[in-house]
Amino acid sequence: MSEKIDTIDRRILAELQRDGTLSVDQLSERVALSRNACWRRVKRLEDDGFITGRVALVDAEKLGLGLSVFIIVRTSNHDPEWLIKFRSAVTAFPEITGVYRMSGDLDYVLRARVSDVKAYDRLYQRLIARVPLSDVSASFVMEEIKETTVVPVEIR
């Protein structure tokens with residue numbers, strides 16, 4: 001990062017997280033900056049890595065991927081070769097949308113989107129065929145109470 005961000009930068013980030021399709025003109029109106037000043041700030045935020053991409057959010061349910069699964073993985077193997085194999089396996093499956101190495105008694109938590117329990121079982125079978133795992137359990141999401149991609153950018 002070449003510099004810290006200020007309140008206006010934070011407002012730009014908040015607005016773009018709400019609607020990434022805003023034109024520079026619309027964004028500059030919302031944050032009370034000239035068009036050129038706004039564009040320069042957005043460009044700097046991109047260059048400095050604060051903005052890492054722009055995406056469209058998709059309704060998984062409408063795509064037939066209505067089951068969200070958290071997969072808990074414990075392993076007795078922590079050597080570098082195993083980790084390379086694990087990373088390769090979990091990043092190869094498009095159904096796996098998040099992978100987190102954890103502290104505490106869990107080693108990894110994976111998040112996946114599948115159509116149903118049978119689809120989860122197929123994913124599980126493919127995963128254990130690619131990498132040895134000591135203990136795998138899954139929790140199926142019954143209700144999504146809150147899910148967001150928004151990172152809080154307000155100064156507290």
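Student: Which residue stands opposite F70 in β4?

Tutor: In strand β4, the residue standing opposite F70 is S139. Before reading further, please keep in mind that this is a predicted model, in which local features need pLDDT of at least 70 and side-chain atom pairs count only at pLDDT 80 or more, while totals for chains, interfaces and linings use all residues. Residues are numbered from 1 along each chain as its sequence is written, and side-chain values use heavy atoms, with hydrogens and water left out.

Student: How many bridges join β1 to β4?

Tutor: Two strands are said to pair if DSSP finds at least two bridges between them, and the strands themselves are DSSP runs (E, at least two residues), just as helices are runs of H or I with at least four residues, numbered from the N terminus. Strand β1, which covers residues 67–74, is joined to β4 by six bridges, and these two strands run antiparallel.

Student: What is the order of the strands in the sheet?

Tutor: The four strands form an open sheet in the order β2-β3-β1-β4, and their pairing is antiparallel. At the edges lie β2 (96–101) and β4 (135–140), each of which pairs on one side only.

Student: How many residues of β3 are buried?

Tutor: A residue is called buried when its relative accessible area is under 20%, exposed when it is over 50%, and partly exposed in between (1.4 Å probe, protein chains only). Seven of the seven residues of β3 are buried, so this strand is largely enclosed by the rest of the structure.

Student: Which residues of β3 point one way, and which the other way?

Tutor: In a regular strand the side chains alternate between the two faces of the sheet. In β3, the residues Y108, L110, A112 and V114 point one way, whereas V109, R111 and R113 point the other way, and all of them are buried.

Student: Which residues is I72 in contact with, leaving aside its neighbours within four places in sequence?

Tutor: Contact means that heavy atoms come within 4.5 Å of each other. With those sequence neighbours left aside, I72 is in contact with L106, Y108, D135, V136, S137 and S139. I72 lies in strand β1, and it counts as buried because its relative accessible area is 15%. Along the chain I72 and Y108 are 36 residues apart, yet their C-alpha atoms are separated by 6.0 Å.

Student: Where is the place of A32, and is A32 buried or exposed?

Tutor: A32 is placed in the loop between helices α2 (24–31) and α3 (35–47). Its relative accessibility is 65%, and therefore A32 counts as exposed. A32 also has a positive phi of about 60°, although this residue is not a glycine.

Student: Which residues line the largest cavity?

Tutor: On a 1 Å grid over the protein atoms alone, a cavity is a set of points where a 1.4 Å probe fits but cannot get out, and lining residues have an atom within 4 Å of a point. Here the lining of the largest cavity consists of I71, I96, Y120, L123, Y124, L127 and V136. Helix α5, residues 117–130, gives the most to this lining, with four residues.

Terms used
On a 1 Å grid over the protein atoms alone, a cavity is a set of points where a 1.4 Å probe fits but cannot get out, and a pocket is an open set with protein on both sides within 12 Å along at least five of seven lines; lining residues have an atom within 4 Å of a point.
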